[in-house]
Amino acid sequence: MRRPRPGPLGKVRDMTRLSELDRRSVAALLALAVAAFCFVTAETMPVGLLSEIAADLKVPPSQVGLLVTGYAITVVVATLPLVRAVARVPRRPLMLVLMALMVAATALSAAATGYWMLLGARVLGALAQAVFWGVVAPVAAGMFAVGVRGRVMAVVFTGGSLGPMLGVPAGTWLGQVAGWQATFLALAGLGLLALLTLAAALPSRPTRNEHAGRGTTPDARRYALVLATSVLTVGGFFAVFTYTAEFVTAVAGIAAALMGPLLLARGIVDFGGIAAGGILSDRNQRLAVLLPSVLLTATLAAMFALGTNPWVAGGAVVATGLAMGMYTPAIQNRVMEFAPGGTDTASAGSSIAYNVGIALGSGLGGLTIAQFGTRGIALTGALMAAAGLAAALATSATVRRRETVGA
């Protein structure tokens, strides 16, 4: 028996429900981007407040630096087991609990009267972040059609990128003016705002498509190649980025006073790259990964060959922002394409790969400086990026299943 078509009034009601659904989904997506901003800023905030925290808690600056190192190690070690442990937990209450833990951990950081209390609060925040990065991509993607998944990823990861670009400088200024505790209180307040928005707008299950729970075209081999691409590409970038200040001053002869404006320019270009990468990823996933990989490899190679020229070195630093900005949403979309099982576990693997790349790149960069001098880090980075490009080329193109926006 054929189902009767809805009359004009029924169509209006359907359109009204869809409009309300879209508004709530957009509000929830923006709240997830704010949450990403809070997590990334909280992770790296001690870098900007190193002296203030050290003086107040009466510990050496090197010990304060371990607050960042310990946070990152906790995320790497805890991500996969924790994401697997919560695999059957409904995503809406899970996301609300994670944000509540983030707010509590940040508030406890502000209230810390000693180093170990602060370290404990940060471990709590790191555990919440370990799960957050494993589930946020599927949660965000599930609210929208698969055809805009790249742009959805771009919005979420824009929040994360704004952390070091905007959050850390603003938090550093606030901490210097009002005390480092004020920075963590402000961050807790912003996290609370995101929590309340998610409580009001986040649906209990995917509202538009169930595609976000499983890989669109599951393939274990291609997924492994995507992870290898991520480790090598991120590693190549961080082999240079970790020691940017040393390269531009010692090799290119750029004045140290220009580092701030240079990094700000890089951050702005990074922001634009994320938007471009998200749009391109929705049109051609493979090209969206290959293009920034080629750009990064060529940029780092030019940095090695011509890096003594301050204009080339400065332009190269800015260009790496464009490359990595484009790369971030594109690689996450690729992960959700080839996830051989649940996309939450696959996203957890991607988060681990990214952090392994950071550790590997910064470690090899430091070794290169010790053995061959600062200029050599650009060559090390270029070789790693080229290996990442080779892995990306080995991941053959796929024809993705398209769904209509109203599906």
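1. Basis of the model. Because the model is predicted, local features are given where pLDDT is at least 70 and side-chain atom pairs count only at pLDDT 80 or more, whereas totals for chains, interfaces and linings use all residues. Residues are numbered from 1 along each chain as its sequence is written, and side-chain values use heavy atoms, with hydrogens and water left out.

2. Overall fold. The secondary structure comes to 14 helices and 0 strands, where helices (H or I, at least four residues) and strands (E, at least two) are DSSP runs numbered from the N terminus. Of the 407 residues in the protein, 51% are buried, buried meaning under 20% relative accessible area, exposed over 50% and partly exposed in between, with a 1.4 Å probe and protein chains only. Among contacts (heavy atoms within 4.5 Å) between residues at least 6 apart in sequence, 87% join residues at least 24 apart.

3. H6 against H12. Helix H6 (residues 149-178) packs on helix H12 (residues 310-338) at an angle of about 125 degrees, their axes being 9 Å apart. That makes H6 oblique to H12. Here axes are lines fitted to C-alpha atoms, for helices over the stretch in contact, and angles run from 0 to 180 degrees between N-to-C directions; angles under 35 degrees count as roughly parallel, over 145 as roughly antiparallel, 65 to 115 as roughly perpendicular and the rest as oblique. On the H6 side the contact is made by Arg-149, Gly-150, Met-153, Ala-154 and Phe-157, which meet residues of H12 including Pro-329, Gln-332 and Asn-333. By class, this contact of H6 with H12 has 5 nonpolar, 4 polar and 2 charged residues, with Ala, Val, Leu, Ile, Met, Phe, Trp, Tyr, Cys and Pro counted as nonpolar, Asp, Glu, Lys and Arg as charged, and the others, Gly among them, as polar.

4. H10 against H12. Helix H10 (residues 259-283) packs on H12 at an angle of about 35 degrees, with their axes 6 Å apart. Among the residues that meet are Gly-273, Gly-277 and Gly-278 in H10, and Gly-314, Gly-321 and Gly-325 in H12. The contact of H10 with H12 has, by class, 12 nonpolar, 9 polar and 3 charged residues.

5. Leu-198 touches residues including Ala-28, Leu-32, Arg-92 and Met-99, when residues up to four places away in sequence are not counted.

6. Thr-320. This residue of helix H12 is buried, with a relative accessible area of 6%. Leaving aside neighbours within four places in sequence, Thr-320 is in contact with Phe-237, Arg-266, Leu-296, Thr-299 and Leu-300.

7. Gln-332. Also found in helix H12, Gln-332 is buried, with a relative accessible area of 6%. Gln-332 touches Ala-137, Met-153, Phe-157, Ser-347 and Ser-350, not counting residues up to four places away in sequence. The C-alpha atoms of Gln-332 and Val-226 are separated by 9.2 Å, although the two are 106 residues apart along the chain.
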